[in-house]
Amino acid sequence: MKKTIILSLIIFVSLNLNAQQYDKSGGHARILSLGSNPYIIDPEFIKVNPAWAQEYDNFLWVDIGSKSASSADASDGQFAGVNVRLNSRWTLGGIVTVKNSNPIMSISVIDPFSIVNQINNIVGASKVIELNNNFEALASYRFDKFTLGLGAAYAYSVNNVNYASSSNEKADASQFGLNAGVLVKLKRNLLLDIGAGLILPAASYQPASGFKTKLSQTILMIDARAFINLSERLAVVPIARFQSVSGSLELHGTSGDLQSVSNFLVGGGINYSIHRFLLAGGVYFNYNKITVPQITGASPQLIQSRIDFPVWNLGAEWHATRWLIARIGYSAGTSNYDYEISASPSTKNEAIYTGYVPGAVTLGIGFRFGRFGLDATIKSDVLRQGLNNIGGGTPTFSYISSSYAF
């Protein structure tokens, strides 16, 4: 009897420790506060790899976002999501996204390369309505040694005008996305996090008479991370990312190519935790290439490239009490540009220069009340204002995320 009780307690404690491996809270505000940190574990990465939903089951998360620059009342970066566990294997979820959400590239991002703006620049402002309210459905399934996640997202807009003369103007835009990801835990010292996504935005405009204008893109993304535990406290975190963008254009009865983009990133960092303190950060190399197709009679093909190195992302997090978390982060980078600029329909000039992303210190705060979490990035002006904060009217937070584990 005693052995049975002891064994039951051991199993109970083990299950609870396993359940608490990931703090069921966080979001984009936390990542921003820690220096836009890719070397941490956070529910934000569910958008990149839906397999993470298995670790954040029975979880409601919302980004209140930041104040929109275009409206005193609206906010940028807002979304709502929920994950529900069905049984020991299956977790289902959904994410509803509004415009300008999800700065991390994923199928939750709406029109990432502004295809609607591109077509409206050709056919006329506001002919095609911008996409909004992207809905993503996701599912994750836990196998014995790994977890698989799948997701699909869709957004659509239409703007058709019917005239009494039976002549019509038709305009629409759509975006379809698919992603998949795996989490592989190899013993206790290695966690692999791999996600891939495909986004297919398109927009078209058919005037009352004349040729149809249509733009479409294919966006491919692959993200990979590994958490290699050197000890119970320290993990090395290599990261890699590949993105490819291509597109086509139908205009005045002829077809052509949109500008293409290819991007490759590789880097590494650490994740060190002890008691209530977390230190995470690292450096990466990023190569970005844009190919602008030739326009007959106007400009030759142009290639514009950029190398970002080093790019630093550093962050520290301290659980000051059970309900209060303090955060600080730092990010900075150096970029080298090689730009080709059209000089005539057949010639081009080249510009080579170095640019810097000035070092930026970020501060954040987190609140934990039972299963409810609220995370915010603090505006840097709050510290500079000093005593003027008392009655000064300066906004305190620049970005807010919240969550609830049920």
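A residue is called buried under 20% relative accessible area, exposed over 50%, and partly exposed in between (1.4 Å probe, protein chains only). By this rule Leu60 is partly exposed, because its relative accessible area is 38%. Leu60 is found in strand β1. Helices (H or I, at least four residues) and strands (E, at least two) are DSSP runs, numbered from the N terminus.

The model is predicted: local features need pLDDT of at least 70, side-chain atom pairs count only at pLDDT 80 or more, and totals for chains, interfaces and linings use all residues. Residues are numbered from 1 along each chain as its sequence is written, and side-chain values use heavy atoms, with hydrogens and water left out.

Confidence was examined next. pLDDT is the predictor's confidence in each residue, from 0 to 100. The protein chain averages 88, and 87% of the residues score at least 70. Over residues 1–21 pLDDT stays under 50. For residues 1–21 the model has one contact (heavy atoms within 4.5 Å) beyond four places in sequence.

Leu60 belongs to a nonpolar patch on the surface. Such a patch is made of residues with over 30% relative accessible area and no salt bridge, with nonpolar side chains (Val, Leu, Ile, Met, Phe, Trp, Tyr) joined within 5 Å. Other members include Trp90, Trp323, Phe369 and Tyr404. Together the patch residues have about 990 Å² of accessible area, by the Shrake-Rupley method with a 1.4 Å probe. Strands β3 (79–85) and β4 (90–97) each supply at least two residues of the patch.

Charged pairs were then considered. Side chains of opposite charge can pair when their charged atoms come close. A salt bridge is a side-chain nitrogen of Lys or Arg within 4 Å of a carboxyl oxygen of Asp or Glu. The count comes to 16 salt bridges.

Glu55 pairs with Arg142, with the closest N and O atoms 3.8 Å apart. Glu55 lies in the loop between α2 (28–33) and β1 (59–67) and Arg142 in strand β5 (residues 134–142), so the pair ties together parts 87 residues apart in sequence. Glu55 is buried at 10%, whereas Arg142 is partly exposed at 26%.

Arg225 and Asp193 also form a salt bridge, at 3.0 Å. Arg225 is in strand β10 (residues 213–229) and Asp193 in strand β9 (residues 190–206), so this pair links parts 32 residues apart in sequence. Arg225 is buried at 8%, and Asp193 is buried at 6%.

Lys348 meets Glu340 in a salt bridge at 3.3 Å, N to O. Salt bridges that share partners join Arg30, Asp42, Glu317, Arg327, Arg368 and Asp375 into one network.

Conventions: Patches are made of residues with over 30% relative accessible area and no salt bridge: like charges are joined within 9 Å, nonpolar side chains (Val, Leu, Ile, Met, Phe, Trp, Tyr) within 5 Å.
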